[in-house]
Amino acid sequence: MTETAARIKVVFIGGLGRSGTTLLERLLGQLPGALPLGEVAHLWERDVRDDESCACGCAFSACEFWQRVGRAAFGGWEQLDVDRVLQLQATVDRTRHIPALAARTLKPAQRELVDEYVDHYRRVYAAAAADARASVVIDSSKHASLAYALRWNPAIDLKVLHVVRDARGVAYSWTKQVRRPEAHRDQEMTRYSPARAAMLWNAQNAAFSLLRRRGVPVRRVRYERLISDPRGVVARLARWAEIPVSADGLRYIGEDYADLGPSHSAAGNPLRFTVGRIPLRHDDAWTEAMPVGRRRLVSTLTRPLLGRYGYLSDEPSDGPAALDVVPHQQSDPDHVKAESPQ
């Protein structure tokens, strides 16, 4: 087997939370040959250490799939030094480290830490893909810093799907109370103020724009377009990601619904637990429920990127008018009111 053939194909879904990343992972993950793993960035703490629930409904320690992965990757999860992985994560995988990770070369000491950290992901990806006989692994970890770190491992054939959603809808969603059903205690997902959410939206989305200039294939998709044309968008993204797809293979996606099967998503939005038919519809509640002052604040803070992504005008500044899913150097022209992905 050649070095190229041995590389693990990984589709990394990135963007700020509440932008629809979990939904996109679920839709792509239904395709034959695709293996959705959820937010692998949280695997170490929430699953290996805290034994939270897999999307299959079992505790992580009772999930046969993840136990097989652990044995193949590390000789068993008990052999993994979780504290060391979390220490590396804090040292390497943070937004503030993106400028260094984006450099064309790394200092030897930093490269050693990045290599050690990313090798844990490589082992999980490889073991999971082999167990499921999958051709493509999907990691919806979202964080741009992890995508930048992953690009340094030559054994990972990395492609990134950058999901964007109107910042005002995202900010509104971050103010909601959302329970974490996988936790052993009654816990809620993190909440952010509109201003904080707006700044995070700026940082994450800008970082993915730079990533493409570093040679990583990046495809941007607007969440609103995904809801407007779910089957078409999934088909195009699947072909780009080299996930085998056919018209018959997309029958689980209707005009306004999708039929989801079970998965072993390790962490992420509560949507990962849903099995069966889900509606795909626009939810523009933020346009009525979000106070005018907060909406204006978010618009002001995120205006440059809102304009770039086509959220401030029905007319795009560049790019063909019918383009649904676009590379980073173009603007997506569609302007549809957003829904909350919760």
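Residues are numbered from 1 along each chain as its sequence is written. Because the model is predicted, local features need pLDDT of at least 70 and side-chain atom pairs count only at pLDDT 80 or more, while totals for chains, interfaces and linings use all residues; side-chain values use heavy atoms, with hydrogens and water left out.

**D47.** Helix α3 (residues 43-49) contains D47; helices are DSSP runs of H or I of at least four residues, and strands are runs of E of at least two, both numbered from the N terminus. D47 is buried and has no salt bridge. Buried means under 20% relative accessible area, exposed over 50%, and partly exposed in between (1.4 Å probe, protein chains only). A salt bridge requires a side-chain nitrogen of Lys or Arg within 4 Å of a carboxyl oxygen of Asp or Glu. The nearest side chain of opposite charge to D47 is R272, 5.5 Å away; Lys and Arg count as positive and Asp and Glu as negative, with His and the chain ends not counted.

**Cysteines.** The whole structure has zero disulfides, a disulfide being a pair of cysteine sulfur atoms within 2.5 Å. The closest cysteine sulfur to that of C54 is in C56, at 3.6 Å, which is too far for a bond. C54 is buried at 1% relative accessible area, whereas C56 is partly exposed at 32%.

**Strands β6 and β7.** Strand β6 runs antiparallel to β7 (residues 276-279), and four bridges join the two; pairing needs at least two DSSP bridges. Across from Y257 stands P279 of β7.

**Aromatic pairs.** The structure holds 10 aromatic pairs. Two of them are tabulated here.

| Pair | Centre distance | Plane angle | Class |
|---|---|---|---|
| Y121 and Y125 | 6.3 Å | 50 degrees | tilted |
| W174 and Y192 | 4.7 Å | 50 degrees | tilted |

Rings of Phe, Tyr and Trp (its six-membered ring) pair if their centres lie within 6.5 Å; planes under 30 degrees apart count as stacked, over 60 as edge-to-face and the rest as tilted. Y121 and Y125 are four residues apart in helix α7 (residues 108-132), about one turn. Y121 is buried at 0%, and Y125 is buried at 0%. W174 lies in helix α9 (residues 167-174) and Y192 in the loop between α9 and α10 (194-213), so the pair ties together parts that are 18 residues apart in sequence. Ring pairs also link a cluster that includes W44, F60, Y121 and Y125.
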